[in-house]
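Student: Please take one part of this model and look at it closely. I would like a connected account, from the inside of that part out to its surroundings.

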Amino acid sequence: MSNEDLRTVDLSELLRGYTDCWVALSADQSRVVASGRTPKEALLQAQQQGEPKPVLMPVPSVSGPYEGA
Amino acid sequence: MNFPYTKFLERLPDGKQRTVLRPVIRIGLGYRGKVLPADYPALIDSGSDSCIFHAELAELLGLDVEAGEPTGFRGMGHGEVKGFLHDVNVIVGGHPFPCRAAFSYGLIKRHPDTGRWEGLQYGVLGQQGFFNHFRVEFNLSKERIELKPLI
């Protein structure tokens with residue numbers, strides 16, 4: 001995405017309906033392609049949906065506030 | 001290289017929600033010639049000493065998490081989170097660079113009674129392993145991050 005699309009990536013609405021799972025986003029991060037209890041499960045489902053290289057991330061029920069790792 | 005900020009829905013412990021902008025970029029991960037067949041979001045965090053990634057991704061890389069050197073880290077008001085150090089490649093904007101990173105199962109905690117998950121939605125890019133490779137300029141007003149490789 002470097003120097004290609006500099007629009008802010010907005011995941012706030014996209015992930016509103018998901019909790020306690022891993023999601024696989026489309027490569028342009030515009031839609032959720034698949035979800036699962038593990039990243040492997042989400043990845044395999046995404047690949048079956050024709051998304052060869054999705055973006056994988058967990059979606060917890062509680063995700064903040066973040067104050068440093 | 002320029003990257004946009006990412007807007008997240010942050011879910012707070014009291015049930016409230018808010019949107020937050022974070023300097024989170026998507027990265028790739030590689031290990032011993034194998035590349036993760038997915039990208040992964042990671043927070044550029046100058047306050048973190050090291051790079052920390054979800055250990056749950058390790059299986060997809062063929063990486064034996066607990067074979068790494070044990071380590072631990074602390075944040076504000078939290079106990080120690082354990083991790084294991086591994087030498088991987090991080091790929092930013094298509095460019096790979098070596099990174100000794102911690103992989104931790106503690107970035108997501110599962111509540112013992114409810115099973116609900118609590119924790120980070122992204123990995124962390126810290127001082128060692130990331131800031132020693134890039135000069136970083138945050139521009140929150142333009143919602144952009146500029147990375148310049150250090151030679």
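**The sheet of chain A and its surroundings**

Tutor: Start with a cysteine. A:Cys21 is buried, at 9% relative accessible area. Keep in mind that this is a predicted model. A:Cys21 belongs to strand 2 of chain A, which covers residues 21-25.

Now the sheet itself. Chain A has an open sheet of 3 strands, in the order 3-2-4, with antiparallel pairing. Strand 3 (32-36) and strand 4 (55-59) of chain A are the edge strands; each has a single partner strand, so one side of each lacks a neighbour in the sheet. On average, neighbouring strands of this sheet are turned by 25 degrees against each other, direction ignored.

Look at one pairing. Strand 2 and strand 3 of chain A are joined over 4 bridges, in the antiparallel sense. A:Ala24 has A:Ala34, in strand 3 of chain A, as its bridge partner. In general, strands of a sheet pair through backbone hydrogen bonds.

Next, the link between these two strands. The loop between strand 2 and strand 3 of chain A holds A:Gln29. Its phi is positive, near 60 degrees, and A:Gln29 is not a glycine. Most residues other than glycine have a negative phi. A:Gln29 is also buried, because its relative accessibility of 9% is under the 20% limit.

B:Arg32 lies between strand 4 (24-31) and strand 5 (34-35) of chain B. Phi of B:Arg32 is positive too, about 50 degrees, in a residue that is not a glycine. B:Arg32, however, is exposed, at 74% relative accessibility.

Back to the sheet. Helix 1 of chain A, residues 39-48, lies across strand 2, strand 3 and strand 4 of chain A. The helix runs at about 140 degrees to strand 3 of chain A. Within the residue range of helix 1 sits A:Lys40, whose side chain meets that of B:Glu59 in a salt bridge (3.4 Å, N to O). The interface of chain B and chain A has 3 salt bridges by the rule.

That leads to the contact as a whole. Chain A contributes 44 residues and chain B 50 residues. About 4,200 Å² is buried between the two chains, with 59% from carbon and sulfur atoms. B:Arg11, B:Arg26 and B:Trp117 give 21% of the area that chain B buries against chain A, more than any other three residues.

Last, the cysteines again. The structure holds 0 disulfides over all chains. B:Cys51 is buried, at 0% relative accessibility. The closest cysteine sulfur to that of B:Cys51 is in B:Cys99, 3.7 Å away, too far for a bond.

Methods
Residues are numbered from 1 along each chain as its sequence is written. Chains are lettered from A and ligands numbered from 1 in the order in which they are written. This is a predicted model: local features need pLDDT of at least 70, side-chain atom pairs count only at pLDDT 80 or more; totals for chains, interfaces and linings use all residues. Side-chain values use heavy atoms; hydrogens and water are left out. Two strands pair if DSSP finds at least two bridges between them. Axes are lines fitted to C-alpha atoms, for helices over the stretch in contact, and angles run from 0 to 180 degrees between N-to-C directions. Contact means heavy atoms within 4.5 Å. A disulfide is a pair of cysteine sulfur atoms within 2.5 Å. Buried means under 20% relative accessible area, exposed over 50%, partly exposed in between (1.4 Å probe, protein chains only). Buried area is the accessible area (1.4 Å probe) that two parts lose on being put together, summed over both. A salt bridge is a side-chain nitrogen of Lys or Arg within 4 Å of a carboxyl oxygen of Asp or Glu.
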